[in-house]
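Subject: Structure for your review

Dear colleague,

Please find below the structure that I am handing over to you. My findings follow it, and I would ask you to read them with the structure open.

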Amino acid sequence: MTGHVLGVYFLGHKEGTVMIRILQTLSICLLLAVLVSAADSIAPSAEETKRVEEPAAPLKGPILLALNPSYSNQAPEPAGDAEDAPEEQTDGAPATEPPDAAAPQPKRTLSPAMVALRDRVRRTLEAYRRQMLSTRDNTATELMHACLAFGCNTEVYQNGSSGKKANGITTLCWNVSCAGYEPLVISDGRVAARIGYGVQERPSQLLAVLALARVNSDYPMRVGEDVRNVADLVEHEKLGCRSNADLSLTLTGLAYYVDDDATWTNSLGEEWSVERIVQQELAGELRNVVAGETDRVMGLGYLLSRRATREQPIEGQFLRAKTFIDQYHDYVLKHQNSDGSWGIRRVSGGSTTYDSAQQLHATGRVLEWLAVSLPEDRLEDAGVVRAVAYLDNLLANGRYRHDLNSYSTQQIGSVMHALHALAVYDERVFEPSDPEPAETPADRQAARP
Amino acid sequence: MKSGYACFPPPLSKGRFSVLWGLTVTTAMVALTVMADDEPSATDDPVVATESVDTGQVNPADDSDSEKEAETVGEPLAPGMVELMQQEIAKGLQLRGINSNFSRFQSYLGGRLNATASHSGSELTGYCRLKWYDRMLRSVLKAPSEAEEFTRNLHKAVLNGREGFAEVLTTAAEKLDIGQHQQGSFAEVDSPEQALEVIKHALTAAQIAYAASLAPLTKSEIQTLRTNLNPVFTTENRVGHTLQRRSSGQQLVRVMQKMDRESLHAAAEALAAIADPQLLEQLASFPGGDPTTVEGVSGTVIAKIDTPSGTIVIGGKDRNVYRLDTMSGVNVVIDQGGNDVYYDGSVSPQRPVLIVIDLEGDDAYESKTPGVQGSAILGVSMLVDVEGNDVYRAQDVAQGSCLAGVGILIDYAGNDAYVGLRRVQGQAVGGLGILIDHAGNDRYHAAMWGQGFGGPWGFGLLDDVDGKDHYYGGGLYLNSYINDDNPTPGYEGWVQGVGAGLRAVGDGGVGVILDGGGDDVYEYDYLSHGGGYWCGMGFARDFGGNDQRLGATRVAYHGGPRTQRSFQRFSNGYGCHYALGFLFDDRGDDTYNGTIMSVGFAWDCAVGYLCDFGGNDRYSGTEGNGAQAGLGVIFDYDGDDVYLGSGQGRASPSISYHDLPQCGGNFGFVIDYGGTDKYGCGARNNGYYTRSSSGGFLIDRPKQTDAVNTAERPVVKAAAGS
């Protein structure tokens, strides 16, 4: 368990800096190990099927813990108590760690313009993070979108905005009814995410969200009295792989949870592997990427990013995928609008008009994919930065700033994917310039109200 | 009096089609003598003229592809006959020098379409307007060809298994402006396990697509639809032309307009694989396991399979009783046999997709709940019954019907009875409503809005492939004209191939009724049988048999005597208020009955066509009239026909709804080829008459075989080479 957490921690950092960060934050790791050991004693296992208490909020990694120390596996209660309200801890400022005298200096320096952009992005992220969805009004699909944006830090209201707060991922994994829809079911003896209106609206949507939030595979999932874990969901998804099916989100999920060289047998007795999924995805039709239809390239891009992080070889189908994705990077940047957006713009009577909702959807999805899949040395390309600024401006000044939970699933999805794009960009571009967190148990305790 | 005919028949062609059809001329020069003194009405303007006109390319079989296609269903030469009719109309207008009037009429229609295309607060809201409708009304002379092709191909698709069913859906998508869809491929099903896998896949795909269809709506909009769709569109109403709560109706169609209709259609497409006889055959031998119990089911259940997309229940070969609405979480019911009973079967927020497959036995489907028996209110539902003499009994929104959803009912065999009230039997508002019955002598019974009815954003289809069928629609709700200044008795109908909008709410959709064969009886009341109303389009086609179309139902809905005097208004190829209606009958000795404003009739910027391609037929109604800027047409090919009444081919010279000459006037046509016909107006065979105004035509011509018999007529010989 400890080793796994360490792994998670490492993978939560930028590639190429792992060793340095190990040394710099060794103390945090040790602390985490202690905490997780403690958590092991309370976390339900697959055998403990009678246990029905909600688990602690999922552990993403030290960065998120640093941003919101209330999320640790030490917490015996769901991270939804009103007193855990993040805004009370951060005074509305972007989630940042207090500088520590012992913390190392930033490895890189941002330009003033990038600093300004960073601050704007973080303000936007924080503002939207406070617009919590609720289990009374919002479906599980919408919660999944929110969890995509804010990962393990997602908070939702239980039973309306006057209710208690709960962790978003815990809510989903604990099968809490959302707008009347329970997201999980036991199918073929394994935990599965329901498919349909109000629940998982794409196959493997929940798995992909858990993967992108880097939730541990032993994180518990409950259906009624039956408590399983994320690994059980992974097994279900592996059994459900099918020829000619859309496996883009499955690929995103399995890229995180399955060793890339593993093979398995689906429920029809067919042998599958990540490489086979890649091959199938490459053979599928790809359209409207610049309009925001990015699921397929997202799955492939995320997989390649994972392989690079793991320093695994890029060959065979993976090489084909890399060539394909590289070309698509150039393609979408070439088809970017001059203001940094993607999506159809109509020129009429000498003026350009566009639908902001469509623009938000397209730009958010495309930037999300780029932020996840571009190599580091391209993340500060002018086009990418322009897109970040455009998206931030759209979110900061658009109509979704208020009462987000009353919007349609489609609109909430667009907003959350756009926020995810900004969050990933923040993590990959801005955070490495932040002072390193150097928490002590006392700091973390003090962070609790 | 001198008989008025000329150039009958046209020059004999030595081409391959001449033996099939005496009028397969290509560039024949036809001299037409219009003899006004034959006209029976004093109000008819006498015109005496001999004119020579080039009939142009009349040969209907020049296109070998269309000939090949036409071999399979109905009259193979129907496309050519329709083309001939169109040319006859065009030449008639030219002959009388009223082309400019007709051009004004056509452009006036276009202008009205332009003026009402977007919401301006008028009764013509412009909501839900379909591009196909718009195009057809802008091209009223070519519209019948497209209508003929559409109905023929649709029926051919229905005959062609799962691929054909997918083609039906593709066609519907195109007509509903949902875009060009490519049909997916289907896997061959060789085992029960594969069949189950296909069902699972279809369920998942339908669930995903349905969810996507609602994604653009807010929760409050979804709730508005759930709460109001059925009361506003159905239960509160007792007349068909509008809604009791029009502003609520407008609000609902605006919300429906926001739905992702392409995804909703994808949900229907996902279910196409289930319409596969091979799959259904394999399901019958699914082995199952130990019997289990399921809440809401009595009888043997051999399998209960929980999937992420919903639970699948498989019933055994003995009798089962399914109370579908108490089977929570069950999205698929497969029954292998026995005389089963199914109660209810509505979709709900928790179960938006429902699939019921009954493989054998004489089954009863019973419900008083709306949205049942392959029907959905805000959801997706499919019911497939493979064998047996089945009874479907319901009230509203039932038997292949939908309100903002997809409802599909396919019955493969047996003598079946379908009984419902409103919005039933291939009815759609905001989606697809399809009822296909492949065989047996069937009975359809409805009161209003049914049997191939398309409301706003709707594509409603009823296709009965074979058997001697009886369709009944009406007999319950008093018609809306009953309180007019000039009231007429009778009941509301709105059945049998009607596409109708709702005044002050939204434009109409596409309604289609097709019948493949057998001697059928159609009973109907007001605004029924191959008609369009309020910016909608309706199509009725019967491909074979001696059919009776009985305008005004003979008994009341519940079976007792009518309380209203027998009277029927608008039927048999009619258009009323910016609408188009088409009625085609391919074969057999048929009757067409309406009381007024019926039988190839158009009213108020509308078009109505009735085309009969063969047999000795009998017409009773207004018969080929246009009024208030309308084009009404009867075209009859072959047979000894009887036209009762005296109004054949009239076009009133006066119009009060629109300004003359801007609107172009009225146009009425009765065009009869072949046979010895009788006209109530006194017209003779082989004559060419002006009726009421220069826009009124009664044209009777011989067909080739008749022409051979009359070839000695001097005028024929004289004209042949001219």
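The largest nonpolar core of this predicted model holds 312 residues, and among these Ala206(B) and Ile274(B) touch the most other members. Helix α7 of chain B, residues 192-214, supplies the largest share of this core, with 13 residues. If residues up to four places away in sequence are left aside, Ala206(B) touches Ala267(B), Ala270(B), Leu271(B), Val353(B) and Val380(B).

Two packed helices are described by the angle between their axes and the distance between the axes. For helix α8 (residues 219-235) and helix α9 (residues 246-258) of chain B, the axes come within 10 Å and cross at roughly 130 degrees. From α8(B), the residues Glu221(B), Thr224(B), Leu225(B), Asn228(B), Leu229(B), Val232(B) and Phe233(B) take part in the contact, and they meet Ser248(B), Gly249(B), Leu252(B), Val255(B) and Lys258(B) of α9(B). By type, the residues of this contact comprise 6 nonpolar, 4 polar and 2 charged.

Finally, I turn to chain A. Is Asp381(A) buried, exposed or partly exposed? Asp381(A) lies in the loop that runs between α15 (356-373) and α16 (382-397) of chain A. Asp381(A) has 14 other C-beta atoms within 10 Å and is therefore partly exposed. Between Asp381(A) and Gln410(A) there are 29 residues in sequence and 29 Å in space, taken from C-alpha to C-alpha.

Yours sincerely

Definitions and conventions. Residues are numbered from 1 along each chain as its sequence is written. Chains are lettered from A and ligands numbered from 1 in the order in which they are written. This is a predicted model: local features need pLDDT of at least 70, side-chain atom pairs count only at pLDDT 80 or more; totals for chains, interfaces and linings use all residues. A nonpolar core is a set of buried Ala, Val, Leu, Ile, Met, Phe, Trp, Tyr and Cys residues joined through C-beta atoms within 7 Å. A residue is buried if 20 or more other C-beta atoms lie within 10 Å of its own, exposed if 12 or fewer, and partly exposed in between; C-beta atoms are placed from the backbone. Helices (H or I, at least four residues) and strands (E, at least two) are DSSP runs, numbered from the N terminus. Two residues are in contact if their C-beta atoms, placed from the backbone, lie within 7 Å. Axes are lines fitted to C-alpha atoms, for helices over the stretch in contact, and angles run from 0 to 180 degrees between N-to-C directions. Ala, Val, Leu, Ile, Met, Phe, Trp, Tyr, Cys and Pro count as nonpolar, Asp, Glu, Lys and Arg as charged, and the others, Gly among them, as polar.
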